[in-house]
Amino acid sequence: MDSKEVALDLFPYLKVYKDGTLERVAGVEVVPPGLDPETDVLSKDIVIVPETGVSARIYRPNMATEGQKLPLVLYFHGGAFCVASPAFPNYHNCLNKLVAEANVVAVSVAYRLVPEHPLPSAYEDSWAALQWVASHKDKQGNQESWIKDYAEFENVFLAGDSAGANIAHHLALRIKESGLGHKLKILGIGMIHPYFWGSSPIGSELNDGMRKELVDKWWLYVCPSDKGCDDPLINPFVDGSPGLAGLACDGILVIVAEKDILKDRGVLYYDEVVKSGWKGKAEIMETEGEDHVFHIFNPDCDKAKSLIKRLASFLNQGKPPAE
């Protein structure tokens, strides 16, 4: 029987014990890559940053032919920056379904997790993954065949759920300040139930003190700083945050869920992007009656299928029309 004393219970993700040890209670299961018979999608794991050991799980339709250039999606999983991985069965299943529905190549990034690797490690790892993808355009760059042979570098998307959507936002801002935009054309960002927050409650947060306190606790654990829940990493609207007009993409799709405590932040993000002077097209979709990342845990329900279809449609906006 485990008699260790819990110092911090970060429900539903992990427990920290008084002896300093850590136990993740969510997102720990893994499944191997390979051919998924249900979707006919192939996947494999590859180390993309040998210096840090950062890896990715790459997906492509099994029926894709070399030279058939497909949209390329960099996907960042959720888990409050502290749990889960591309190999977590729910994420692996979700990526298989998305790749099959959208007919894309996807790179699901295994960024390093808090607390072993404090923030901003997750952002730096994800940026390194984007650089790794971009390097395939150089003759002396990386030569991963699934990227070289199947991906269209003028048709790239960033996508993620929860913490992963937060990462996608920050990468799109960073691209503008770098030379990466000359190698990759970022057509859009697909943000599912984005993890943004703030110290002052808005919307449903005003009447849900318990869940507000829970989300406060998550962020203060993964990013202990004097700025708290108004750190620009989690609150993109505070003074000192980069302007949203600097997002380096042509389109943004924000997907929110009616019962999600983070919903009002996602709606606010959409509203602020529209008002920011950003030149692209912003879209928003709300799923009624569902909570945070419901599609990951109940992927076969009709509403999850609708969510994946909507995201797939967004990822196909850059494709030429079928003849």
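This is a predicted model: local features need pLDDT of at least 70, side-chain atom pairs count only at pLDDT 80 or more; totals for chains, interfaces and linings use all residues.
**Exercise 1. The three-stranded sheet**

Work out how E1, E2 and E3 are arranged, and which helix lies across them.

*Solution.* 
Step 1. Strands of a sheet pair through backbone hydrogen bonds, in a parallel or antiparallel way.
Step 2. Apply it. The order is E1-E2-E3, the sheet is open, and the pairing is antiparallel.
Step 3. Name the edges. E1 and E3 (22-24) each pair on one side only.
Step 4. Neighbouring strands here are turned by 15° against each other on average, direction ignored.
Step 5. Zoom in on one pair. E1 (residues 6-10) and E2 (residues 14-17) share 4 bridges. A hairpin of 3 residues connects them. Leu8 faces Val16 in E2, and Leu10 has Leu14 as its bridge partner.
Step 6. Place the helix. H5 lies across E1, E2 and E3, at about 115° to E1.

**Exercise 2. The largest pocket**

How many residues line the largest pocket, and which lie nearest its centre?

*Solution.* 
Step 1. Start from the method. Rolling a probe the size of a water molecule over the atoms shows where empty space is left.
Step 2. Take the volume. The largest pocket comes to about 460 Å³.
Step 3. Count the lining. There are 24 residues, with Pro12, Tyr13, His292, Val293 and Phe297 nearest the centre.
Step 4. Sort them. The lining has 15 nonpolar, 5 polar and 4 charged residues.
Step 5. Assign the main contributor. H5 (residues 209-222) gives the most to this lining, with 4 residues.

**Exercise 3. A salt bridge between strands**

Which residue forms a salt bridge with Arg57?

*Solution.* 
Step 1. Recall that side chains of opposite charge can pair when their charged atoms come close.
Step 2. Apply the cut-off: a side-chain nitrogen of Lys or Arg within 4 Å of a carboxyl oxygen of Asp or Glu. The count is 20 salt bridges.
Step 3. Pick the pair. Arg57 bridges to Asp45, with the closest N and O atoms 2.7 Å apart.
Step 4. Locate it. Arg57 sits in E6 and Asp45 in E5, 12 residues apart.

**Exercise 4. Backbone exceptions**

Where do Pro115, Pro120 and Asp40 lie, and what marks their backbone?

*Solution.* 
Step 1. Most residues other than glycine have a negative phi, and most peptide bonds are trans.
Step 2. The bond from Val114 to Pro115 is cis, with omega near 5°. The bond from Leu119 to Pro120 is cis too, with omega near 15°.
Step 3. Pro115 is in the loop between E8 and H2 (121-134), and Pro120 is in the loop between E8 and H2.
Step 4. Asp40 belongs to the loop between E4 and E5.

Key
Residues are numbered from 1 along each chain as its sequence is written. Side-chain values use heavy atoms; hydrogens and water are left out. Two strands pair if DSSP finds at least two bridges between them. Helices (H or I, at least four residues) and strands (E, at least two) are DSSP runs, numbered from the N terminus. On a 1 Å grid over the protein atoms alone, a cavity is a set of points where a 1.4 Å probe fits but cannot get out, and a pocket is an open set with protein on both sides within 12 Å along at least five of seven lines; lining residues have an atom within 4 Å of a point. Grid points are joined across faces, edges and corners, and a volume is the space filled by probe spheres set on the points. Ala, Val, Leu, Ile, Met, Phe, Trp, Tyr, Cys and Pro count as nonpolar, Asp, Glu, Lys and Arg as charged, and the others, Gly among them, as polar. Axes are lines fitted to C-alpha atoms, for helices over the stretch in contact, and angles run from 0 to 180 degrees between N-to-C directions. Contact means heavy atoms within 4.5 Å.
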